[in-house]
Amino acid sequence: MADKNEILAGLAEIVNEETGLEVEEVQSEKSFTEDLDIDSISMMTIVVNAEEKFDVKIPDEEVKNLTTVGDAVDFIANAQG
Amino acid sequence: MTVALNQPTAVAGTRVMGLGAYRPELVIDNEQICQWIDSSDEWIQKRTGIKTRRRAPRDVSVVDMAEGAAREALEHAGISGDQLGGVILATVTHPYATPSAAADLAHRLGATPAAAFDISAACAGYCYGIGQADAMVRSGLSSYVLVVGVEKLSDFIDNHERTISFLLGDGAGAAIIGPAEAPGISPSILGSNGEKWEAVAMDSTLLNFRDALARARETQDATELLDAENRYWPTLRQDGPTVFRWAVWEMAKVAQQALDAAGITAEDLVAFVPHQANMRIIDEMVKQLKLPEHVMVGRDIVDAGNTSAASIPLAMHRLLKENPELSGGLALQIGFGAGLVYGAQVIRLP
């Protein structure tokens, strides 16, 4: 099980792979759409890769609630429980 | 006393004998789309891979397009309409609930009295049709069967909505299935997931449209009339991210099942022809399936848009036209869409 810092670092790697954004840019308070310019299709690729990496399930209906990187980190941390 | 029944004698194998295509004349580029939605050519290409889509004029029907594709497929297969024992037409845009488009098409082709019926399996319709035709020929029920995937989606879109309309085009693709000494069509993997029934769907029904028109007539209210036209004529909508996720990761599994059922691996393929839903779905599927470099991928969506049931035969027809050396090789085809439903099989290219 990963702590929140590890989840953030792992998520940043996934975002980097999908979008080419530098990992340093992927910070908790950043909004996926507003700040990082990630569209809904790229978001799904990130979500599926995060599911695999952290061994959690992120249902479609939850994805809409993941506004910021921090939201995703919290969701993954809770899902790992 | 028990009376014995006759049953047809099964044939050893089936194959796709010929392909045909019909691409309607109107070319709609992204600039034109941007007159209806706030977007740009660059945005649409980046998000979907689409540069243009074809659309049929008002006076060209689903059956007209199907006939164009079917005649070329018959010629390619070297048979005539009267040799057909079955006509299967996959569409969701034939505007009559009954009679079927297939019966009209069979008549036009001189295929009377071939069995004729339509299939409603949206973007998987063509693969459902190939599975059905394979079964009909292999069981000895029919000698030759025509399968057409055809859509006039432009009749059921709202140009001003942003989830799906700008992706969609019209067209028809056709295949002739006949007997073969060696197997040329693998076991079909067909399935559905009705839990996601609303993920791609019409936003209204014809009954809603009728009732809205009746209300407008009663009230003589111009707003009601506009409402009836704009809100209640059924047009397509989709939940793009949900469909994308299902299409890539679930359909990659189905594609693998089709390869396993065929008893081959991706190495044995010469072509991969997925439903042309969105270039990003195609690219991600190719990645998930780890297709070898030598496998050519159907990418007709760039010029044709998403034509639902017609997209696989149109893409395959083009791939063969541009790369005739692929003839005789194995192609994996997979359709997926509203239902949600899916169908996949490996075929030997004619």
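## Contacts along chain A

Let's begin with how chain A folds back on itself: among its contacts between residues at least 6 apart in sequence, 53% join residues at least 24 apart. Keep in mind as you look around that this is a predicted model.

What does the secondary structure of chain A come to? It comes to four helices and zero strands. If you follow the sequence of chain A, you will read the pattern α-α-α-α.

## Size and burial

Of the 81 residues in chain A, 30% count as buried.

## A closer look at helix α2 of chain A

Now find helix α2 of chain A, which covers residues 40-54 and has 15 residues. From its first C-alpha to its last, α2(A) reaches 21 Å, close to the 21 Å expected at 1.5 Å a residue. Just after α2(A) comes A:Asp55, which takes a positive phi of about 55°.

Which residues of α2(A) are buried? They are A:Ile41, A:Ser42, A:Met43, A:Met44, A:Thr45, A:Ile46, A:Val47, A:Ala50 and A:Phe54.

## Where the two chains meet

How many residues of chain A are in contact with chain B? Nine residues of chain A are in contact with nine residues of chain B. On the side of chain A that touches chain B, α2 and α3 of chain A each supply at least two residues. The largest share of that side, six residues, comes from α2(A). By type, the residues on this side of chain A divide into five nonpolar, two polar and two charged.

## A strand pair in chain B

Let's move over to chain B. Here strand β4 (residues 84-90) and strand β5 (residues 115-119) run parallel, and five bridges join them. To see one pairing for yourself, look for B:Ile88, whose bridge partner in β5(B) is B:Phe117.

Helix α4 of chain B (residues 101-108) belongs to this picture too. Together, β4(B), this helix and β5(B) make a right-handed β-α-β unit.

Notes. Residues are numbered from 1 along each chain as its sequence is written. Chains are lettered from A and ligands numbered from 1 in the order in which they are written. This is a predicted model: local features need pLDDT of at least 70, side-chain atom pairs count only at pLDDT 80 or more; totals for chains, interfaces and linings use all residues. The expected span of a helix is 1.5 Å times one less than its number of residues. A residue is buried if 20 or more other C-beta atoms lie within 10 Å of its own, exposed if 12 or fewer, and partly exposed in between; C-beta atoms are placed from the backbone. Two residues are in contact if their C-beta atoms, placed from the backbone, lie within 7 Å. Ala, Val, Leu, Ile, Met, Phe, Trp, Tyr, Cys and Pro count as nonpolar, Asp, Glu, Lys and Arg as charged, and the others, Gly among them, as polar. Two strands pair if DSSP finds at least two bridges between them. A crossover is right-handed if, with the strands pointing away from the viewer, the path from the first strand over the helix to the second runs clockwise.
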